[in-house]
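Please look at the sequence and the model below before reading on.

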Amino acid sequence: MSEAASASGLRVYDKIISDRGSRYAVSGGPAKSRAEVAALLGELCANKRFAKATHHSWAGILGGEALKDDDGESGAGALILQMLERAGLADHIVIVTRWYGGKHLGGDRFRHVADAVRHYLAEIGKG
């Protein structure tokens, strides 16, 4: 596992989960608007490795509004959002990145998304 942090506050924890060829990372940072979410996603995808990922599922509670995007990983955004609500983490975005490994993971993909979010929450002292 590797960690990187940027001046914008984007924290990236790469190579945290591997299963049947799929690889997962989790990232996040402070965000209060859709524009700030877009900026953080853009910063993440400026890294070539992350730009090639299959999915960047994310969620956040920004200014009291719950926002999420599955990015093709059906149900992942809702799961991330639910975990952020439970943790009481507002004005923050959490992004779970997956590089598809060629084999369907079925329900295990939800376990991996949840484990990635738990990892992030623990790293920022909210877990």
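Predicted model: local features only at pLDDT ≥ 70, side-chain atom pairs only at ≥ 80, totals over all residues.

Residues are numbered from 1 along each chain as its sequence is written, and side-chain values use heavy atoms, leaving out hydrogens and water.

Reader: How are the rings of Tyr-13 and Tyr-120 arranged?

Author: Rings of Phe, Tyr and Trp (its six-membered ring) pair if their centres lie within 6.5 Å; planes under 30 degrees apart count as stacked, over 60 as edge-to-face and the rest as tilted. The centres of Tyr-13 and Tyr-120 are 6.0 Å apart and their planes stand at 75°, so the pair is edge-to-face.

Reader: Is Tyr-120 buried or exposed?

Author: Buried means under 20% relative accessible area, exposed over 50%, and partly exposed in between (1.4 Å probe, protein chains only). Tyr-120 has 0% relative accessibility, so Tyr-120 counts as buried.

Reader: Which side chain does the side chain of His-92 join through a polar contact of 2.7 Å?

Author: A polar contact is a pair of N or O atoms within 3.5 Å; within protein, one must be able to donate a hydrogen and the other to accept it, and residues adjacent in sequence count only if both atoms are side-chain atoms. His-92 is buried, at a relative accessible area of 12%. At 2.7 Å, its side-chain partner is Tyr-120.

Reader: How are the rings of Phe-50 and Trp-99 arranged?

Author: Phe-50 is buried at 2% relative accessibility, and Trp-99 is buried at 11%. Their ring centres are 5.1 Å apart and their planes stand at 65°, so the pair is edge-to-face.
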